[in-house]
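Hi,

Here is the structure I promised you. Please open it and keep it beside this email while you read.

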Amino acid sequence: MLVLDLGGQYSQLIARRIREARVYSELVSHRATAEEIRRRNPVALILSGGPASVYTDGAPHVDPEIFELGVPTLGICYGMHLMAHDLPGGRVDRGAGEFGKAEVRFGGALGRDLAQDQTVWMSHRDSVVEPPEGARVTASSPSTPVAAFEDDRRRLYAIQFHPEVAHTPNGQQVLKNFLYGIAGAAPSWTPAAVIEEQVERVRARVGRGRVLCGLSGGVDSAVAALLVHKAVGDQLTCVFVDHGLLRKDEAKQVVETFSNFGVKLVHVEAQERFIGKLAGISEPEDKRKRIGEEFIRVFEDEARKLGDVQYLVQGTLYSDVIESGGTDGVAETIKSHHNVGGLPADMKLKLVEPLRLLFKDEVRRVGEELGMPERMVWRQPFPGPGLAIRIIGDVTQERLETLREADAILQEEVRRAGLYRELWQSFCVLPAIRSVGVQGDSRTYGYPIVIRAVTSDDAMTADWARLPYDLVEIVSSRIVNEIPAVNRVVLDVTSKPPATIEWE
Ligand code: XMP
């Protein structure tokens, strides 16, 4: 099913919600012509919302022939306005609009199996005042008399409110009514189906070629590698550059997991090289640059040793594809990526991107289906430069060990409290300053450890997590008791903005 993107902030969310209903959906430009859409043969179409008014110059429009395709089409918010504007008999007026929660009286095919009175989320200035000829009004609120319309004959449907946001409690049911009830779509987009399809695609692309994959320890590169391994087995070699800046036991987990799956893995123990490059460096961007460069160098060395390789796996996600404007599904540009490192320019590797059509939550479900351990599948995001950017000041072996131990205690307790998956990230930071303390009868002069825990949807903004005080107490007392170099624990209570999630 195709979502025509009219510039709404929720367009991506609509595509995700459709997939949560197990129907494969893609976001496409609103400029797609009726002919292009017909060729894709979608089971249904959605016209997304958008910030424009149909009356402003330069507002996005769709090819009106789309409404003649006979494909079930749902217009949401601005998409609804376009339908009423473009189809005979319909009328859109500028008005005061309606913002926030609203109560609607709701019926029709979209409201099937739902109570007549529904709470929904509205966010619009213009309103439809006359539905197109042949359509009947199926929802209304006191300030929006035409809150939905339906034309069963032409298979056109429209709603003013946003079914995709959590503030519309039964929104997912409305989308399901459209998908299953109206469009007759089958809920067949499952992790097993994704795996089967991607395995076929990878085989077709790679043939008998040799494939290289850089592992970071994160979920994306791991799932991508396992998918490719399922497709081409020993034609794949993974290279895991261990820069010594990972969390406790992470490197071990990667090596164990991949050896359990029988994947050919080169584990490069490059800890010394990285710590050497970081000696005396305290400026954050300088650290990042050095780590990035060293990563590429180590990765190149290993790739060369492997000899003739033609393909490189990259864990590009659908959200990256959308953000780089490549919704045509063919773009194959190589992004510089903190986690995977670069590739030798003279090797001219072709890319294999088995996650290119998947959102992050789908990658996790595919990982689970492939049998990846729970710990790896649900890992919180972790920056490529690792613990180096969580030590404020020079990175030394001693500070790395201190931070790694403190972080392990926090992780353990957060998991024990059942909060690990609820938090976007939870970690420790070591500012390399010292403060005075007292332990037993003696004065200490030790490091502080900062606890940083945030909730977020996408890392663009974040709120500091209200960790239970009991948990904070356990973590604090364990850290100062178990790690001699630390005599103080503090909690970061800043949101993003104005702070960032990381300290560097
Ligand atoms: P900030 O600190 O900017 O971080 O709020 C936003 C998200 O990005 C992660 N992050 C990085 N990831 N390489 C990465 O791969 C980096 O250099 C890097 N810096 C920050 C951070 O953990 C958070 O999830």
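In the side chain of Glu502, an N or O atom sits 2.5 Å from an oxygen atom of the ligand. That is a polar contact (a pair of N or O atoms within 3.5 Å). Lys496 does likewise: a side-chain N or O atom is 2.7 Å from a ligand oxygen atom. For Gln425, a polar side-chain atom lies 2.8 Å from an oxygen atom of the ligand. Alone, the ligand exposes 500 Å², and the protein buries 79% of that. Those areas come from the Shrake-Rupley method with a 1.4 Å probe.

A word on the source. This is a predicted model: local features need pLDDT of at least 70, side-chain atom pairs count only at pLDDT 80 or more, and totals for chains, interfaces and linings use all residues. Residues are numbered from 1 along each chain as its sequence is written, and side-chain values use heavy atoms, leaving out hydrogens and water.

Around the ligand there are 13 residues (a heavy atom within 4 Å). Arg288, Gln425, Lys496, Ile501 and Glu502 come nearest.

Now find helix α9, residues 284-305. Helices here are DSSP runs of H or I, at least four residues, numbered from the N terminus. α9 has 22 residues and reaches 32 Å from first C-alpha to last. Its buried residues (under 20% relative accessible area, 1.4 Å probe, protein chains only) include Ile291, Phe295, Val298 and Phe299. Just after α9, Gly307 has a positive phi of about 80°.

Best wishes

Key: Helices (H or I, at least four residues) and strands (E, at least two) are DSSP runs, numbered from the N terminus. The expected span of a helix is 1.5 Å times one less than its number of residues. Buried means under 20% relative accessible area, exposed over 50%, partly exposed in between (1.4 Å probe, protein chains only). A polar contact is a pair of N or O atoms within 3.5 Å; within protein, one must be able to donate a hydrogen and the other to accept it, and residues adjacent in sequence count only if both atoms are side-chain atoms.
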